[in-house]
Amino acid sequence: MLYINGEWRHSLSGNTLDIYNPATGEKISNVAYCGKEETREAIEKAHDAFQTWKQTTGQERAQLLKKVADLIRENGEEIAQTITKEMGKPITEARREIISGSNYVEWFAEEAKRIYGETIPAPQIDKHLMLVQQPIGVVGAITPWNYPLSMVTRKIAPALAAGCTVVLKPAPSTPLTAIKVFECFYKAGLPKGVVNLVIGPAEEIGAELTSNPLVRKITFTGSTTVGKKLIRDSADTVKKISMELGGHAPFIVFEDANMDAAVEGAISTKFVNNGQTCICTNRIYVAEEIAEEFGEKLAAKALQLIVGNGLNESTQVGPLINEQALKKVDSHVKDAIAHNGEILCGGERMEFSNLNGCFYKPTVINHANDRMKIAQEETFGPVVPIFTFKSEGEVIEKANNTNYGLAAYCYTSDLGRGLRMMRELDYGIVGINDPAPIVTQSPFGGLKESGIGKEGGKQGIQEYLEKKFVSILIG
Ligand code: NAP
């Protein structure tokens with residue numbers, strides 16, 4: 001179903017979209033599939049709703065958002081099952097997403113009360129200067145499938161907290177989770193038109209969201225290619241934009257690192273969500289003298305990972321989202337082999353007699369080199385190459401030799417070196433001996449072609465506010 005102006009709706013055409021479980025290949029549901037007309041109506045209703053929503057106090061918005069957070073938690077198991085069924089991640093990870101997704105809503109509920117302005121010291125006694133912050137207006141939000149709950153809440157919660165209204169287009173593979181979140185908005189009693197959900201063809205909905213002058217802000221999470229197109233398309237109406245785009249994270253292990261902690265860190269940053277995370281490790285750089293031991297230990301751990309249907313409690317790695325994703329992963333592996341890579345484990349598709357999904361064996365590639373595609377491109381799957389390096393300077397140069405700049409990880413027991421790496425790595429997020437740097441409080445976002453703006457943290461709400469300078473001549 002679509003959700004427009006406080007009503008659950010079918011599409012005008014009656015078209016629907018079938019939703020499949022990527023672990024089993026089974027159809028699990030179908031949803032209304034709409035186009036430009038419904039999107040335009042949703043924008044207009046969001047614009048109408050903005051006129052009153054922007055007049056509410058931070059306190060009032062906070063109360064409603066807290067109810068939403070509670071409802072997500074109360075319905076957490078059902079939503080987690082939906083996440084796993086429609087995108088495949090292990091149920092244990094889906095439950096963690098319930099926690100992080102609802103925490104974002106609670107965090108921004110609290111931030112709604114902290115939208116401060118500034119008083120600026122005036123250069124003359126008869127003037128009073130101020131900077132006030134106001135909600136920007138209607139927000140067009142476009143989200144991917146890999147974190148179908150938290151990508152939605154990390155955008156909508158700060159937008160609503162700021163006093164904006166929203167039209168969301170979720171990924172077509174994971175609309176069911178978005179619908180569940182909207183049921184929470186509905187039950188919490190958000191006024192009609194404040195949040196709207198449209199599901200349909202990306203180009204058509206994207207064109208309406210980016211060209212319609214009533215939309216004042218586009219927030220997008222997805223690939224860099226699509227992000228660049230949305231930036232270009234938003235230019236004609238000069239919208240504010242936030243872009244959370246692709247990653248190509250380096251994971252650097254120095255000779256003085258705690259080896260076991262680094263191996264554990266590499267496993268978790270690589271294989272969480274089956275490698276389908278923008279901050280996933282995509283390249284491991286290990287100091288030459290410890291590379292062999294590191295590779296053996298990493299491959300031994302990767303071999304132990306339990307691959308299967310995410311609904312089984314013991315599963316650690318689920319299926320890839322679709323056949324196209326699996327083909328990309330396999331092409332990176334084949335290309336690495338063609339460039340003298342050595343497969344330490346995995347390296348091929350995994351078949352199950354009772355499942356019809358896109359499973360790939362957790363794969364570790366040794367002797368990686370810069371001629372391999374995987375050295376340049378985001379793989380978005382359970383494959384990791386090991387490169388070696390001789391010096392700190394060399395590894396900094398290699399790690400930064402990419403247009404991406406989202407997340408980087410570094411393992412060392414030398415504090416000075418850790419601080420130098422923090423300074424030198426051209427990445428928006430740096431984990432030093434920390435494989436899980438992201439919490440609700442983190443300002444999440446990339447540098448270079450990995451994005452513009454921040455989500456989460458106290459910075460997240462700023463993306464939905466505009467600043468107005470006021471000068472009062474006191475006389
Ligand atoms: P994607 O192909 O860019 O799609 C993301 C969303 O954009 C989907 O809803 C998609 O809908 C929509 N879309 C595609 N073309 C569009 C257009 N012309 N106009 C409007 N919307 C359009 O990315 P994905 O494959 O779903 O997600 C994986 C990518 O997201 C990776 O590169 C990953 O690194 C990145 N990501 C980044 C972050 C971050 O925070 N930086 C977080 C998660 C993921 P359709 O599917 O219908 O095309």
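A salt bridge is a side-chain nitrogen of Lys or Arg within 4 Å of a carboxyl oxygen of Asp or Glu. In this predicted model, Arg95 and Glu313 form such a pair, with 2.9 Å between their closest N and O atoms. The distance of 2.9 Å is within the 4 Å cut-off, so the pair counts as a salt bridge.

The protein chain is assigned two parts: domain 1, made of 2-245 + 449-473, and domain 2, made of 249-439. The contact between them involves 27 residues of domain 1 and 31 residues of domain 2. Taken over C-alpha atoms, the centres of the two domains lie 31 Å apart.

About 2,100 Å² is buried between domain 1 and domain 2, and carbon and sulfur atoms account for 54% of this area. On the side of domain 1, the residues that lose the most area to domain 2 are Ala23, Trp145 and Ser450, which together make up 23% of what that side buries.

How many salt bridges does the rule find across the interface of domain 1 and domain 2? There is one. Polar contacts across this interface join 11 residue pairs, with both residues at pLDDT 80 or more.

On the side of domain 1 that touches domain 2, two elements give two or more residues each: helix 3 (76-87) and helix 4 (91-111). Helix 4 gives the largest share, six residues. The residues of this side divide by class as follows.

| Class of residue | Residues on the domain 1 side |
|---|---|
| Nonpolar | nine residues |
| Polar | 10 residues |

Technical notes. Residues numbered from 1 in each chain as written. Predicted model: local features only at pLDDT ≥ 70, side-chain atom pairs only at ≥ 80, totals over all residues. Heavy atoms only, no water. Domains from an automatic or database assignment. Contact = heavy atoms within 4.5 Å. Buried area = accessible area lost by both parts, 1.4 Å probe. Polar contact = N/O pair within 3.5 Å; in protein donor to acceptor, adjacent residues only side chain to side chain. Helix = DSSP H or I, 4+ residues; strand = E, 2+ residues; numbered from the N terminus. Nonpolar A, V, L, I, M, F, W, Y, C, P; charged D, E, K, R; others polar.
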